[in-house]
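I opened the notebook to log what I looked up here, entry by entry.

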Amino acid sequence: MNEITSKKAEKIRDVIRYLQKFKNAVVVIYLDDYTIQSALYSSHIRDIALLHEAGLQVVIIPGARKRIDQVLASEGIKSTYHNNIRVTDGDAMPLIKMAAFDVSNTIMTSLAACNINAIIGNWVHARAKGIIDGFDYGTAGEIDKLQTEAIRTILNEGFIPIFPCIGWNSVGHPYNISSVSLAQQIAVTLGADKLFFVMEEGGIKEGKFNIPAGFPLSDNGDVPAMNLGQVDEFIAANSNEKSVISILEKAKEACSKGVTRVHLVDGNQDGVLPCEIFSDLGSGTMIYTSNYGKIRNMVQTDIPAVLGLMRPFIQSGKLLDRNEQQLSEQLSDFVVYEVDGGVHACAALHQYDDKQGEIAAVAVDENFAHMGIGPQLINHLTQKAKETGCKSVFIMTTQTSDWFEKLGFIPDTIESLPEARRKLWTPARNSKVYRLK
């Protein structure tokens, strides 16, 4: 019961920590038209309302392709696509505009039912895409600029701005623009903390795509996170998947231009938005630069979290019991792995007079075990041992010898240990010695 309570408490702490972190953060959300027409649509709207009420500044860009197709078909108008861009003549534009605003109005009405005020606006200046390589794109447009100050004023006054996929030029001529491109451009212009692409089967999942070797996978087969280098690697391995490549390229560009993180989430899963924002791993695929997780020295205020992290490993006998005083005395030996202010792994390097180093107290949150954090900690401490003059590094283990062998450790004898460490060894625990080759 105590362990169950502890896990519940840790989840609640995560939520509180993220509420503090994302207070007044700008979150741009693209909802594809499949999600808007899905059975979970009302649940997603409710979650968006809760995010807004929690103090996040939310911007919504709804996809309207299916609705535009329906409206044009009802009038007997056919549209074609060139490079995934809708191409029509000018006669279709009033219907396209009507359909785009119809979808935006659906979002606004649904938010009103949750007592949330939203505004549909014409904050997008656009220009004709024109003729490229001899092809005339007709009513398709490109984003020229956004009325940034107006958007920020609306956000600061507590409204949710909704952007239909329409832009206007300086004389009021409308153009059909890409909702995905619009979402990215808004996120970049506003310096958004998060950009969400909520799409049908939006995450990167094993079995659906070619997952390069070494990519972390969650228990349900999702790739939980990719840095920008991994995005390139994934694109190279999935060159035929044009739709996801287009989204990933937009995500990478957004991150490279200052958006903190981009999330690809599955609109067919309930609760993906709060799960992705208020937990460390979320439930989709996150694209990030290099500031997601980091190894740093442990500080005094980390000790309660580290003790909680160690507790299940101590109970299973994998780690020796430790208390707050012991960790305080060995504070300089420890490092932790931090994600958004939360500690999710730890390890220590104890150094002895004979220039031997012991890597000890390796503990990784089970929810993060698939992300390769353990090997990162070992590599970090091994490098630290070299830099501080250690001639050899060993570990003591009772149940994890296979894991250490994969990292290059080989069996050694108790007699090889430094005298001070050898005195602490007991036949009752019978720990085995492994030394790094």
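**Entry: a lysine and a glutamate.** I began with Lys-423 and Glu-419, whose side chains meet in a salt bridge at 3.7 Å, N to O. Are the two buried or exposed? Both Lys-423 and Glu-419 are exposed. I keep in mind that this is a predicted model.

**Entry: the salt bridge count.** I searched the whole structure for salt bridges and found twelve. Asp-144 and Arg-127 form one of them, with the closest N and O atoms 3.4 Å apart. I noted that this pair links distant parts of the chain, 17 residues apart. Asp-144 sits in strand S9 (residues 141-146), and Arg-127 sits in strand S6 (residues 124-128). I then looked up accessibility for both partners. Asp-144 counts as partly exposed because its relative accessibility is 46%, between the 20% and 50% cut-offs. Arg-127 is partly exposed too, with a relative accessible area of 40%.

Entry: Next I took Glu-338, which forms a salt bridge with Arg-296. The closest N and O atoms are 2.6 Å apart. Where in the chain are the two partners? Glu-338 is in strand S18 (residues 334-339) and Arg-296 in strand S17 (residues 293-297), 42 residues apart. Glu-338 has 15% relative accessibility, so it counts as buried under the 20% cut-off. I also found that Arg-296, Asp-302 and Glu-338 are linked in a network of salt bridges.

**Entry: helix H11.** I went on to H11 (residues 303-315), which has 13 residues. From its first C-alpha to its last, H11 reaches 18 Å, close to the 18 Å expected at 1.5 Å a residue. Where does H11 bend? I found a bend of about 30 degrees at Leu-309. A proline, Pro-312, follows within four residues. Leu-309 is also buried, as are Ile-303, Val-306, Leu-307 and Met-310. I checked what covers these buried residues of H11. The cover includes helix H12 (324-329), S18, strand S19 (342-351) and strand S20 (356-364). Just after H11, Gly-317 takes a positive phi of about 85 degrees.

Entry: Most residues other than glycine have a negative phi. I therefore logged the exceptions I came across. Asp-133 has a positive phi of about 55 degrees and is not a glycine. Asp-133 lies in the loop between strand S7 (131-132) and strand S8 (135-136). Its relative accessible area is 81%, so Asp-133 is exposed. Lys-355 has a positive phi of about 70 degrees and is not a glycine either. I placed Lys-355 in the loop between S19 and S20. With 41% relative accessibility, Lys-355 counts as partly exposed.

**Entry: the nonpolar cores.** The largest nonpolar core has 46 residues. Which members touch the most others? I read off Val-28, Phe-197, Val-262 and Ile-287. Helix H9 (residues 242-256) gives the most to this core, with seven residues. I then listed the contacts of Val-262, leaving aside neighbours within four places in sequence. Among them are Leu-195, Phe-197, Ala-251, Cys-255 and Ile-287. A second, separate core has 41 residues, including Ala-25, Val-58, Val-71 and Val-265.

**Entry: cysteines.** I searched the whole structure for disulfides and found zero. Cys-165 is buried, with a relative accessible area of 3%. Cys-255 counts as buried at 5% relative accessibility.

Note on methods. Residues numbered from 1 in each chain as written. Predicted model: local features only at pLDDT ≥ 70, side-chain atom pairs only at ≥ 80, totals over all residues. Heavy atoms only, no water. Core = buried A, V, L, I, M, F, W, Y, C linked by side-chain atoms within 4.5 Å. Buried < 20%, exposed > 50% of the residue type's maximum accessible area, 1.4 Å probe, protein only. Helix = DSSP H or I, 4+ residues; strand = E, 2+ residues; numbered from the N terminus. Contact = heavy atoms within 4.5 Å. Disulfide = S-S within 2.5 Å. Salt bridge = Lys/Arg side-chain N within 4 Å of Asp/Glu carboxyl O. Expected span 1.5 Å × (residues − 1). Bend = angle between axes of the 7 residues up to and from the residue.
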